[in-house]
Amino acid sequence: SVIGSIVNFGVHVELLWDRNVLLTADVAGATRDALRRGLVYDGELWRPGLGGPSLWLTGNIGGLITTLPSTGVADPRDGELRTVPSFEKARAQGHVLAAAVLDAVAAGRLLPVPGPRIGLYRQEVRVPVSNLPLVFGALFGILDRDLDWGFGATTTTEVGLFTLGDVWIASIPGELYPEIAIDGIVSPDGADLAIAPVEVPPLRDAMGGRVNFMVNLANDALGYIIPRSHWDAEPPWLGGSPEETYGEIVSAGPDTAPILHRALLDVFAAARAKVEGTAPPAREGAVP
């Protein structure tokens, strides 16, 4: 029998968009309800669910990975596109995600985890905060954030990894640009720093699970985690855009991504060493 389920998907939970004044789980709630109870329309069950509680874990969403207000979502029952931000649109996308899981279960893709031993790994790191509005926000109590002072402001955060057998769940304390996870980092025209990508290898390639989850906003909220070679806080703007890029104003600074990337590689190496019964390899430049 099904004890419960976990779904990991990268999307801002905001399909009701900016006119919503309600407290709601949005698409995450719709997905969880559908996995637990089934796809329900007008009080009638259209497709059975799995049963048990369901846990939503937000995936990589840096760079505003989201369903835009104008983006249509086809409801799996009637195929009709829902384009207007609404509970109906959130339900449609939640049902699409749940249906994908239910299809996988129906196709026999549930696989046993041999020896499901639990592991927990974490590493604290210090991140420079060069974004002055965020520094002032912390100083004046607008943001609940402790800063330390030396050669500039820094803050302490952590990365982590939870393993259940060959299921790996990485915890990332902010909103990660997906290219740091799956490759594709570039050095675009207009970036402030003319450097090659430094967040290599891609994080997913360094993970050792058969199933690898990446959870954003896990244990902290450092804002966008932007590739250093992509950082653009000064004109000219990326790609010749007349407007400044959005992510930098909600990011701690250009050093955040390299620091967290190196720390996650260290955590993954420690987990691999534990599984293999070896010492983790020493790596030049590792964050203590």
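What follows is a tour of a predicted model, stop by stop, for use in a viewer.

**Before selecting anything**

Residues are numbered from 1 along each chain as its sequence is written, and side-chain values use heavy atoms, with hydrogens and water left out. Because the model is predicted, local features need pLDDT of at least 70 and side-chain atom pairs count only at pLDDT 80 or more, while totals for chains, interfaces and linings use all residues.

Colour by pLDDT, the predictor's confidence in each residue, from 0 to 100. The protein has a mean of 93, and 97% of its residues reach 70 or more. Then select residues 284–288, where pLDDT stays under 50. The model has nine contacts (heavy atoms within 4.5 Å) for this stretch beyond four places in sequence.

**Stop 1: the tyrosine cluster**

Select Tyr-177, Tyr-224 and Tyr-246, which form one aromatic cluster. Rings of Phe, Tyr and Trp (its six-membered ring) pair if their centres lie within 6.5 Å; planes under 30 degrees apart count as stacked, over 60 as edge-to-face and the rest as tilted. The model has four aromatic pairs by this rule.

Tyr-177 and Tyr-224 are edge-to-face, because their planes stand at 75°, with ring centres 5.8 Å apart. This pair links distant parts of the chain, 47 residues apart: Tyr-177 is in the loop between β11 (175–176) and α4 (178–182), and Tyr-224 is in strand β13 (residues 224–225). Helices (H or I, at least four residues) and strands (E, at least two) are DSSP runs, numbered from the N terminus.

Buried means under 20% relative accessible area, exposed over 50%, and partly exposed in between (1.4 Å probe, protein chains only). Tyr-177 is buried at 9%, and Tyr-224 is buried at 3%.

Tyr-224 also pairs with Tyr-246, again edge-to-face, at 5.7 Å centre to centre and 85° between the planes. Tyr-246 lies in the loop between β13 and α6 (256–276), so the pair ties together parts that are 22 residues apart in sequence. Tyr-246 is partly exposed, with 46% relative accessibility.

**Stop 2: a charge over a ring**

Select Arg-77 and Tyr-41. Arg-77 lies over the face of Tyr-41, 4.0 Å from the ring centre. The criterion is NZ of Lys or CZ of Arg within 6 Å of the ring centre and within 35 degrees of the ring normal.

**Stop 3: the largest pocket**

Select Ile-6, Val-101, Leu-110, Val-211 and Phe-213, the closest to the centre of the largest pocket among its 29 lining residues. Its volume is about 1200 Å³. A pocket is an open set of points on a 1 Å grid over the protein atoms alone, where a 1.4 Å probe fits, with protein on both sides within 12 Å along at least five of seven lines; lining residues have an atom within 4 Å of a point. The volume is the space filled by probe spheres set on the points.

Next, show β1 (5–9), α2 (87–106), β9 (152–164), β10 (167–172) and β12 (211–216); each supplies at least two lining residues.

**Stop 4: backbone exceptions**

Most residues other than glycine have a negative phi, and most peptide bonds are trans. The bond from Val-200 to Pro-201 is cis, and Pro-201 is in the loop between α4 and α5 (203–206). The bond from Pro-235 to Pro-236 is also cis, with Pro-236 in the loop between β13 and α6.

Finally, select Leu-64, whose phi is near 60°; Leu-64 is partly exposed at 36%. Asn-219, in the loop between β12 and β13, has phi near 70° and is exposed at 61%.
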